[in-house]
Amino acid sequence: MIRFESATKRYPDGTTAVDALDLEVPAGRVTVLVGPSGCGKTTSLRMVNRMVEPTAGRVLVDGRDVMAQDPARLRLGIGYVIQQAGLFPHRTVVDNVATVPRLLGRSRRDARRRALEVLERVGLPGAYADRYPVQLSGGQQQRVGVARALAADPPVLLMDEPFSAVDPVVRGQLQQELLRLQGELGKTIVFVTHDIDEAVVLGDLVAVFREGGHLAQVDTPQRLLES
Ligand code: ADP
Ligand code: ADP
């Protein structure tokens, strides 16, 4: 579904952030990229939606080189969730999510209906719809971020430390909800974290990065714990 083929990113200042990454991300599963800060996880993730362009090698989504695809079109099929949900502060919860179906040409009414539907899925019932982001807890804001990423029903979801800024109890809840959602929707998820415990909880497959943008190991969580 997603394949990195010797994918390499060297930034203009000479930093090699990702060094010849070979990784196959299976469809319909959660693949976690884990490792200490600065080892190239975010850069790898962003090569999937072309926010970062490889300087060598390539990244394929559904067998097609991302560099051969129109970025806007590519991103319609790839939801993206980051640590601080990145919500529009002056728009209500439902309008934050409805932005996506509106961009896809749905009527205002249809877009709202779709937004309410995905918000419900991530555990935010209608009562929250007309609040503003600042009126929500950190965990609830992340739920809105996930809802927005799901609004276009993309087959792929990229998640970059989405739960790192919330407290441990809520974090555990969000992890369990993500697993439930994954069971229901069967998305292909690539999830970045520096927390090995989170990687083991969430991953069907765990890719361990080390300094210098190298991939050290790829395995199931079970085998990783045994090794
Ligand atoms: P980010 O890259 O998202 O800013 P960092 O990787 O810098 O996050 O990590 C934030 C903090 O977590 C740092 O103080 C780092 O030392 C610490 N940290 C790194 N690895 C782990 C780990 N495996 N488990 C828990 N904390 C970790
Ligand atoms: P991680 O997500 O594992 O913390 P990153 O992919 O963010 O790692 O960064 C990998 C390396 O690339 C780090 O050394 C980081 O400082 C560097 N880096 C990231 N973004 C840039 C950039 N825009 N310009 C130069 N260096 C960068």
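**Ser 6 is partly exposed, with a relative accessible area of 36% (buried means under 20%, exposed over 50%, and partly exposed in between, with a 1.4 Å probe and protein chains only).** This is a predicted model, in which local features need pLDDT of at least 70 and side-chain atom pairs count only at pLDDT 80 or more, while totals for chains, interfaces and linings use all residues. Residues are numbered from 1 along each chain as its sequence is written, chains are lettered from A and ligands numbered from 1 in the order in which they are written, and side-chain values use heavy atoms, with hydrogens and water left out. Ser 6 is located in strand S1, which covers residues 2-10 (helices, H or I with at least four residues, and strands, E with at least two, are DSSP runs numbered from the N terminus). The phi angle of Ser 6 is positive, about 45 degrees, although Ser 6 is not a glycine. Most residues other than glycine have a negative phi. Asp 153 is another residue other than glycine with a positive phi, in this case near 55 degrees. Asp 153 belongs to the loop between helix H5 (138-150) and strand S7 (156-160).

**Helix H1 is largely enclosed by the rest of the structure, because six of its eight residues are buried.** The helix spans residues 41-48. Its buried residues are Lys 41, Thr 43, Ser 44, Leu 45, Met 47 and Val 48. Arg 50 follows H1 and has a positive phi, near 70 degrees.

Oxygen atoms of ligand 2 approach the protein backbone at several places. One lies 2.7 Å from a polar backbone atom of Gly 38. At Thr 42, the distance from a polar backbone atom to an oxygen atom of the ligand is 2.8 Å. At Gly 40, a backbone N or O atom is 3.1 Å from an oxygen atom of the ligand. Taken alone, ligand 2 exposes 560 Å², and the protein buries 61% of that (areas from the Shrake-Rupley method with a 1.4 Å probe).

**Ligand 1 has Ser 37, Glu 161 and His 194 around it.** An oxygen atom of ligand 1 lies 3.2 Å from an N or O atom in the side chain of Ser 37. At His 194, a polar backbone atom is 2.8 Å from a nitrogen atom of the ligand. Ligand 1 taken alone exposes 550 Å², of which the protein buries 38%.

**The largest nonpolar core has 39 residues (buried Ala, Val, Leu, Ile, Met, Phe, Trp, Tyr and Cys joined through side-chain atoms within 4.5 Å).** The residues with the most contacts inside this core are Val 97, Leu 119, Val 144, Met 159 and Phe 191. Met 159 touches Leu 45, Val 81, Val 146, Leu 178, Ile 189, Val 190, Phe 191 and Val 192, when residues up to four places away in sequence are not counted (contact means heavy atoms within 4.5 Å). Apart from this core lies another, of 25 residues, among them Ile 2, Val 48, Val 52 and Val 192.

**Gln 142 in helix H5 is buried, at 4% relative accessibility.** Leaving out residues up to four places away in sequence, Gln 142 touches Val 81, Ile 82, Gln 83, Gln 84, Ala 85, Pro 162, Val 166 and Leu 174.

**The model contains 14 salt bridges (a side-chain nitrogen of Lys or Arg within 4 Å of a carboxyl oxygen of Asp or Glu).** In the bridge between Asp 195 and Arg 171, the closest N and O atoms are 3.6 Å apart. This pair links distant parts of the chain, 24 residues apart: Asp 195 is in the loop between strand S8 (188-193) and helix H7 (196-202), and Arg 171 is in helix H6 (residues 168-185). Arg 171 is buried, with 16% relative accessibility. Arg 3 and Glu 5 form a salt bridge with their closest N and O atoms 3.4 Å apart. Arg 3 is partly exposed at 35%, and Glu 5 is partly exposed at 24%. Glu 184 and Arg 180 form a further bridge, 3.1 Å from N to O. Both lie in helix H6, four residues apart, which is about one turn of the helix. Salt bridges that share partners join Arg 3, Glu 5, Glu 24 and Arg 58 into one network.

Key:
Near = heavy atom within 4 Å. Polar contact = N/O pair within 3.5 Å; in protein donor to acceptor, adjacent residues only side chain to side chain.
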